Amino acid sequence: MQRVDTTQLLKGVLDLAVLAALRDEDGYGYDILRRLRSAGLDEVGDASVYGTLRRLFAAGFLTSYVVPSDEGPHRKYYGLNAAGRAELERSAKTWNGFASTMDDLLRERGTA
Amino acid sequence: MNITAQDEIAEYVAAVREALAGLPGATRDELLEDLPEHLAEVRAEGGGSLIDRLGPPESYAAELRATAGFVGGFPDPPRGKWVTPAEVRATLMPFVTKADIKIGPLIGYGKASDFLVLLRPAWWVLRGYLVAMALAMMLDNSTGNPGLLPRVGGSDIIALILLAGCIAGSILLGKRGLRLSMWPRYALYSATTVLVIFGLAGFTTADTTVRDPGYNGVSYDTNPYGNIQDLFVYDQQGRLVENARIFDQDGEPLQIGSDFCTDDSTGETWHTRNMGYPYCPQDAPFGPSPSPSAAAPSAAAPSSSAVTPAPTSTTGR
């Protein structure tokens, strides 16, 4: 049996996590990584966030724009568009349903 | 950002790209498209080298690949507008291979390509010749027919030197079997195609010239009697002979000129009433047509002392 660890779980919900991190505020790659980590997802890697942003953008869920910076490099900001918000809502529902099912299941067996 | 940071990023991206070699090219390009900019952002956050911050490029690549690999991954990249040469090749090669094997035994070889490979030196020589001809055409600005040697300014010596040089060069090029990267190779193929078309065009021109030299404009006017419109015969006394009949060695009457006359002053045109030459006696170049009075010896005297023009033809008006 495959042992359950956060890295494994994260794979399935990374899209949702990134969409959620962008819900209130646009952000650039490293910024989003910081938001996810400060929310408690310490295992998220930079490559995962970068790859997920690329994929969500390619799938049409994100807008992107470049913000010039005086001291550092230009930063590519990502934000949710209408399709992204709809996807976030739909995925969040799926997640909530799944999470409560798992909660119930674990509670019944007395493991939680 | 300084140069070393740029170098570090480029190096990291290159290593990631290499580690992703297993992915389809389009997917990989799409994944890596923004990576340099992204790594520049990461580096700008401070705190050590990229490898310190992100781990080795190989594990970064593995994480990236895992991210791209699930939930459908990337959508298929849009199909290119143009069919790539590789696609054409992939479609055609099975047929070519089949034909190669089928045709070979008919001409006594295992494969047709075995025979064609033997012909390669012949192609090198022909290619050298065609290059020489093309160069001569470009260098030579005389308008005449170039002929079959690469003459520049009509010089045979230059033609032979040019020919020898180009053929030797072409053989060397063929013999050494250059390993070219993609674009130089396509450039070579394109140039070869142009050369072959040039060669075919030259061959067609030469063939036409040999088959039908008369077609060549210049030789159109080789008949010196082409523009004769009338004949005037004078006798020994310089008198115009009227209604002369002229025959060739076979007794065939000469049909030459036009049996219509034009009055130069009025522009009036009429069909001649004369049965022989001249059709238009009033146009006689050496004096008018003899009238009954002019036929008298006294009238003819002035001209009889002069050198009598031999029976002659003259070009018309």
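User: What share of the contacts in chain A with a separation of 6 or more comes from residues 24 or more positions apart?
Analyst: In this predicted model, the share is 45%. Contact means heavy atoms within 4.5 Å.

User: What are the ground rules here?
Analyst: Residues are numbered from 1 along each chain as its sequence is written, chains are lettered from A and ligands numbered from 1 in the order written, and side-chain values use heavy atoms, with hydrogens and water left out. As this is a predicted model, local features need pLDDT of at least 70 and side-chain atom pairs count only at pLDDT 80 or more, while totals for chains, interfaces and linings use all residues.

User: How many helices and strands does chain A have?
Analyst: Chain A has 4 helices and 3 strands. From the N terminus on, they run α-β-α-α-β-β-α. Helices (H or I, at least four residues) and strands (E, at least two) are DSSP runs, numbered from the N terminus.

User: And how much of chain A is buried?
Analyst: Of its 112 residues, 39% count as buried. Buried means under 20% relative accessible area, exposed over 50%, and partly exposed in between, with a 1.4 Å probe and protein chains only.

User: New topic. How many disulfides are there?
Analyst: The structure holds 1 over all chains. B:Cys261 and B:Cys280 form it, with sulfur atoms 1.9 Å apart. The cut-off for a disulfide is a pair of cysteine sulfur atoms within 2.5 Å.

User: Which parts does the pair tie together?
Analyst: B:Cys261 lies in strand β3 (residues 260-262) of chain B, and B:Cys280 in the loop between β4 (269-271) and α11 (297-305) of chain B, so the pair ties together parts that are 19 residues apart in sequence.

User: Left-handed or right-handed?
Analyst: The disulfide is left-handed, because the torsion about the S-S bond of B:Cys261 and B:Cys280 is about -100°.

User: Are those two cysteines buried or exposed?
Analyst: B:Cys261 and B:Cys280 are both buried.

User: Now cavities. What is the volume of the largest cavity?
Analyst: About 70 Å³. A cavity is a set of points on a 1 Å grid over the protein atoms alone where a 1.4 Å probe fits but cannot get out; lining residues have an atom within 4 Å of a point. Points are joined across faces, edges and corners, and the volume is the space filled by probe spheres set on them.

User: Which element gives the largest share of the lining?
Analyst: α3(B), with 3 residues. The lining includes A:Tyr50, A:Tyr78 and B:His38.

Terms used
1 Å grid on protein atoms, 1.4 Å probe; cavity = no way out; pocket = protein on both sides within 12 Å on 5 of 7 lines; lining within 4 Å.
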